[in-house]
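I opened a new notebook page for this structure. My plan was to look up a few things and write each one down.

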Amino acid sequence: MRIIQIVSGVNFGDAIGNHVVEIKKRLQSWNYATEIISVHLDKRLPSDTIKPLSWIKNITEQDIILYHMASKTPLNRQILELPGKKIMMYHNITPPSFFAEFDYQRVLAHREALQDLTDMKTGIDCCIAMSEFNRKDLILAGYDSDKIKVMPAYFIPFEDYAQQADIATIEKYADEWTNILFVGRFAPNKKHEDIIRAFAYYSKHINKKSRLIFVGSAAIPEYRKSMELYAQQLGVNNVIFTGHISFSEIIAYYKVADIFLCMSEHEGFCVPLAEAMYFHVPIIAYASCAIPDTLGNAGVLLDTKDPVFTAMCIDKVLTKPGVRESIIEKQNERLKDFEQETVAKWLLEYFQSLTF
Amino acid sequence: MKEQNNECVDVKKIMEEIKAEIREKGLINDIPQFSAVSMLSNYGSNYDSRLQKEIKYLSSKRINYDRELTSHKSTFKRTVIFTKRVIRKLFRFIGAPMVDEINEYNQRVARSIAYIDGYIRREEEGKKKSNEKDLLENREYRKNLDQCNNIITELEEKVEKCEQKMQALAMLEKEYECLRLEVNVLKLQLEKERLERKNMEN
């Protein structure tokens, strides 16, 4: 029996890419025969890591397919025709309505992806959801709740974060100013506008010596552009849009951050939260989607997006004695659940428990 | 020690305190929403012009059943065109009403889109005005609140000064009362001494 992971794209350094590659390493260490098949190959990955789509013909009835579902792709239909048992690892699909104002092609693609998800339920033997929120999504799509297991976390390569941070970035931003950070690509579900709004109040009424740093590429350029315009229209000058940057620069931004502020309204897991925990940055996040699951008892969960309230929360975390330390302490506790060994133990037990 | 301090910090309680503080101080959000300003962005205006272009095309485009017939063949060109004309005439009773219906349908679609566009514009305009009004009202409210607060502070200061004066006067009053009593006692003593002297003289 082999375990074949099928994924539409494996990108070097992204959350799903790291996860898929680490699953392969772990499976090999447990003496499972395993391969990754992907349509898009990232040249930065070792050549023997990923097999091209043509390798799909080697799959037999004895194999287990671990299919990574995250978007609209012809693979969604193709895998149902393949022999072997099928496990879907569900990474979540953002509801199309988020993109309506900015990218109609994406609306169509996400609508079709959700349709695929519903249609695939008869051909999938069991599912792994990447959070409790994802599990609920699958149940809504008609999947049998008994056949869904929730994985504790992604395989996050924390050892990579120990590398040298970009010195120039640290020198530039490690000053007496307060740095509020958000890491995530520019997509409308991430609600950068709500972060800008809260920051506008904070910098105007509470702390003028503060800056907002957005780390992330422009997944939807129109959205990113409109965020820049929104900041301009509010007269907020200290907003930094880094664009796509190197890994050492990302580390540097985490190191100079005083607060990690997240207002996202749709996340399947939100790996940057775990990264912020790793860098001991106190998290303030709006309680929606998978965010409360990921934070557990840690961080500060907001039940409203009111900018006054958010700004005052930032102020209290930074100025009230003991608050910051207490949050970081709880975050450190939560971070233990995301350790690779914990995730690996769960995965091994999962595969051992399979009865087919 | 530090750990003990940390354990005492209750984030939920702090959040409740913040909410109470906002209510107490009457802090108001004066930052407009993204939806209220996004329509002013360049992206929005591009989007509008693209939509207008499409509506214009839909409104102006009409399918013509009697459009000019052509043929790519150099030889028999006239024969081909003549045959096409005959076929078109033969099928006019089916084709012409269909084309009319398609034209009517297209026009209605164009009108519907224009209505929707108009509706969205009106809604956005209304939303924008309402946001601006809210913002102005907020500012006005804040201004009035600030004025009220200033008056209250001034009055409080005056009351405090008057109370201080009253306290001083009360002290003086007490002192006056004491002196009055002392004078009375002294007067009585004086009277008594005078009476005694008179008795002695007699």
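Which side chains meet Lys316(A) or Glu21(B) in a salt bridge? I found that these two meet each other, at 3.3 Å, N to O. I took a salt bridge as a side-chain nitrogen of Lys or Arg within 4 Å of a carboxyl oxygen of Asp or Glu. Between chain A and chain B I noted three salt bridges.

Ground rules next. This is a predicted model, where local features need pLDDT of at least 70, side-chain atom pairs count only at pLDDT 80 or more, and totals for chains, interfaces and linings use all residues. Residues are numbered from 1 along each chain as its sequence is written, chains are lettered from A and ligands numbered from 1 in the order in which they are written, and side-chain values use heavy atoms, with hydrogens and water left out.

I stayed with the two chains. In chain A, 35 residues are in contact (heavy atoms within 4.5 Å) with 27 residues of chain B. Arg197(A), Phe309(A) and Met312(A) supply 18% of the area that chain A buries against chain B, more than any other three residues. Buried area here is the accessible area (1.4 Å probe) that two parts lose on being put together, summed over both. The two chains bury about 2800 Å² between them. Carbon and sulfur atoms carry 65% of that.

Then I turned to helix H1 of chain A, residues 15–29. Helices are DSSP runs (H or I, at least four residues), numbered from the N terminus. After H1(A) comes Asn31(A), with a positive phi near 65°.

Definitions and conventions:
Helices (H or I, at least four residues) and strands (E, at least two) are DSSP runs, numbered from the N terminus. The expected span of a helix is 1.5 Å times one less than its number of residues.
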